[in-house]
Amino acid sequence: MSAEHQHGSDCPMEPRSNAELVVRQDILEKAKELAQLISSSDEVETYQKAEKMINGNERVQSLIKLIKKKQKEIVGFEYFQNEQMVKKIEGEIADLQDELDGIPLVGQFQQTQADINYLLQLTISVIKDTVSERINVSMGSETPPESCSD
């Protein structure tokens, strides 16, 4: 709603601030149901299994710790403006990352993350498109006026 929007006696819109917006309880309940369905999906179950395997894999954990250590080293060398050491350590991190990415378990874990992200994005898109479609149908696909006097 624009700042110049005027509410007269013929205007059907009630002015509301963000603090006054109230989400209907039934909508919140359905959102919780949807969240429960998603969290019990095959994608989330597969992700949780892959996460446990990643957390229990000593080589993967060792590489992750080493990469984090090297990242901290870079910060120190950047502070002292030692570009030569920064580049050297960046190369070491790239090599460690390549080794980490080459572990099949890591690739599987990354795929499960992508699958969950896709599921969430698809769900959001379906909700957005459905709401937009219903709004356009009920409004006759017209653009709403800037003010009630339009």
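A salt bridge here is a side-chain nitrogen of Lys or Arg within 4 Å of a carboxyl oxygen of Asp or Glu. Keep that in mind for the exercises below, which all work on a predicted model.

**Exercise 1. Get the overall layout**

Task: Work out how many helices and strands the chain has, and what share of its residues is buried.

Solution: 
- Step 1. Go through the secondary structure: there are 5 helices and 0 strands.
- Step 2. Write the elements in sequence order, and the pattern reads α-α-α-α-α.
- Step 3. Turn to burial: 17% of the 150 residues in the chain count as buried.
- Step 4. Now check how far apart in sequence the contacting residues are. Take the contacts between residues at least 6 apart in sequence; 64% of these join residues at least 24 apart.

**Exercise 2. Sort out the salt bridges**

Task: Find how many salt bridges the structure holds, then look at the pairs D26 with R24, E92 with K88, and K128 with D129.

Solution: 
- Step 1. The count is 7 salt bridges. The idea behind the search is simple: side chains of opposite charge can pair when their charged atoms come close.
- Step 2. Start with D26 and R24, whose closest N and O atoms lie 2.6 Å apart. R24 is exposed at 52% relative accessible area, while D26 is partly exposed at 41%.
- Step 3. Move on to K128 and D129, where the closest N and O atoms are 3.2 Å apart. D129 has 40% relative accessibility, so it counts as partly exposed.
- Step 4. Next come E92 and K88, with an N to O distance of 2.6 Å. Both sit in helix 4 (residues 83-101), and because they are 4 residues apart, about one helical turn separates them. E92 is partly exposed at 22%, and K88 is partly exposed too, at 46%.
- Step 5. Follow the shared partners: salt bridges link K70, K88 and E92 into one network.

**Exercise 3. Describe how helix 3 packs on helix 4**

Task: Are helix 3 and helix 4 roughly parallel or roughly antiparallel, and which residues meet?

Solution: 
- Step 1. Take the axes of helix 3 (residues 58-79) and helix 4: they come within 9 Å and cross at roughly 165°.
- Step 2. Angles over 145 degrees count as roughly antiparallel, so helix 3 is roughly antiparallel to helix 4.
- Step 3. List some of the contacts. On the helix 3 side, the residues include L63, I67, K70, I74 and F77. Helix 4 brings, among them, V86, I89, E92, I93 and L96.
- Step 4. Sort the contact by residue class, which gives 13 nonpolar, 2 polar and 7 charged residues.

**Exercise 4. Look at two single residues**

Task: Decide whether Q81 and T112 are buried or exposed, and say where each one sits.

Solution: 
- Step 1. Q81 lies in the loop between helix 3 and helix 4. With a relative accessible area of 68%, Q81 is exposed.
- Step 2. Check the backbone of Q81: its phi is near 55°, a positive value in a residue other than glycine. For background, most residues other than glycine have a negative phi.
- Step 3. T112 belongs to helix 5 (residues 104-138). Buried means under 20% relative accessible area, so T112, at 6%, counts as buried.
- Step 4. Finish with the neighbours of T112. Leaving aside residues up to four places away in sequence, T112 touches T46, Y47 and A50.

Notes. Residues numbered from 1 in each chain as written. Predicted model: local features only at pLDDT ≥ 70, side-chain atom pairs only at ≥ 80, totals over all residues. Heavy atoms only, no water. Buried < 20%, exposed > 50% of the residue type's maximum accessible area, 1.4 Å probe, protein only. Helix = DSSP H or I, 4+ residues; strand = E, 2+ residues; numbered from the N terminus. Axes fitted to C-alpha atoms, helices over the stretch in contact; angles between N-to-C directions. Parallel < 35°, antiparallel > 145°, perpendicular 65-115°, else oblique. Contact = heavy atoms within 4.5 Å. Nonpolar A, V, L, I, M, F, W, Y, C, P; charged D, E, K, R; others polar.
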